[in-house]
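Biologist: Could you walk me through this one? I would like to start with the sheet and then move on to other things.

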Amino acid sequence: MAQGDYPALASELIPDVGAILVAACGVQPRHRVLDVGAGAGNAAIPAAMMGADVVASDLTPEMFDAGRRQAADRGVELEWMEGDAETLPFSDNVFDVVMSCVGVMFAPHHQACADELVRVCKPDGTIGLLSWTPKGSSGRCSRP
Ligand SMILES: C[S@@+](CC[C@H](N)C(=O)[O-])C[C@H]1O[C@@H](n2cnc3c(N)ncnc32)[C@H](O)[C@@H]1O
């Protein structure tokens, strides 16, 4: 279930971190890129702007329309696909870059997610996660 206006929140609070993750992953034109827990495309859209072939995947597809509008505003197209990070709906070894910007960290079973990220990434590909640390301010706020 989706509640609130996460795309507006992301634009307000973390507009730059997606592009930082894309740069850290070394995304190049024509790379096949998967963004897991993509939300409205905070990282996926900057990757598409680099000329990559991008799939934005999320458990909560209600955010995709906002993402499509933001992508159109920036003159790029990407694929939006509903999917659980614990059982990604992709074949083995298909992506040059698999990334997640404060996304996969929210799935409850981290080992299952890690196995899936590795499975769908090419053996010589790159996996990049941008996550809160447990002791940082966001991590402390999220503690149960
Ligand atoms: C804080 S938002 C980050 C969204 C986006 N990456 C960004 O940087 O704005 C966390 C995202 O993780 C997604 N998410 C949570 N659990 C997930 C799961 N099991 N599989 C896929 N996505 C998940 C949520 O739906 C949400 O879009």
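**The sheet and its surroundings**

Modeller: Five strands form an open sheet in the order E3-E2-E1-E4-E5, with parallel pairing; strands (E, at least two residues) and helices (H or I, at least four) are DSSP runs numbered from the N terminus, and two strands pair if DSSP finds at least two bridges between them. This is a predicted model, in which local features need pLDDT of at least 70 and side-chain atom pairs count only at pLDDT 80 or more, while totals for chains, interfaces and linings use all residues. Residues are numbered from 1 along each chain as its sequence is written.

Biologist: Which are the edge strands?

Modeller: Strand E3 (79-82) and strand E5 (121-130) are the edge strands, each pairing on one side only. From one strand to the next, the twist averages 20 degrees.

Biologist: How many bridges join E4 to E5?

Modeller: Strand E4 (residues 95-101) is joined to E5 by six bridges, and the two run parallel. Met99 stands opposite Gly128 in E5.

Biologist: What does helix H5 lie across?

Modeller: Helix H5 (residues 110-120) lies across strand E1 (32-36), E4 and E5, and runs at about 135 degrees to E5. Angles run from 0 to 180 degrees between N-to-C directions, with axes as lines fitted to C-alpha atoms, for helices over the stretch in contact; two residues are in contact if their C-beta atoms, placed from the backbone, lie within 7 Å.

Biologist: Where does Ala112 lie?

Modeller: Ala112 lies in helix H5 and is partly exposed, with 14 other C-beta atoms within 10 Å. A residue is buried if 20 or more other C-beta atoms, placed from the backbone, lie within 10 Å of its own, exposed if 12 or fewer, and partly exposed in between.

Biologist: What share of the chain is buried?

Modeller: Buried residues make up 39% of the 144 residues in the chain.

Biologist: Changing topic, which residues are closest to the ligand?

Modeller: The closest are Gly37, Gly39, Asn42, Ala85 and Ala107, among 20 residues that surround the ligand, where a residue is near a molecule if its C-beta atom, placed from the backbone, lies within 6 Å of it. The shell has eleven nonpolar, six polar and three charged residues; Ala, Val, Leu, Ile, Met, Phe, Trp, Tyr, Cys and Pro count as nonpolar, Asp, Glu, Lys and Arg as charged, and the others, Gly among them, as polar.

Biologist: And in what order do the elements run?

Modeller: From the N terminus on, they run α-α-β-α-β-α-β-β-α-β-α.
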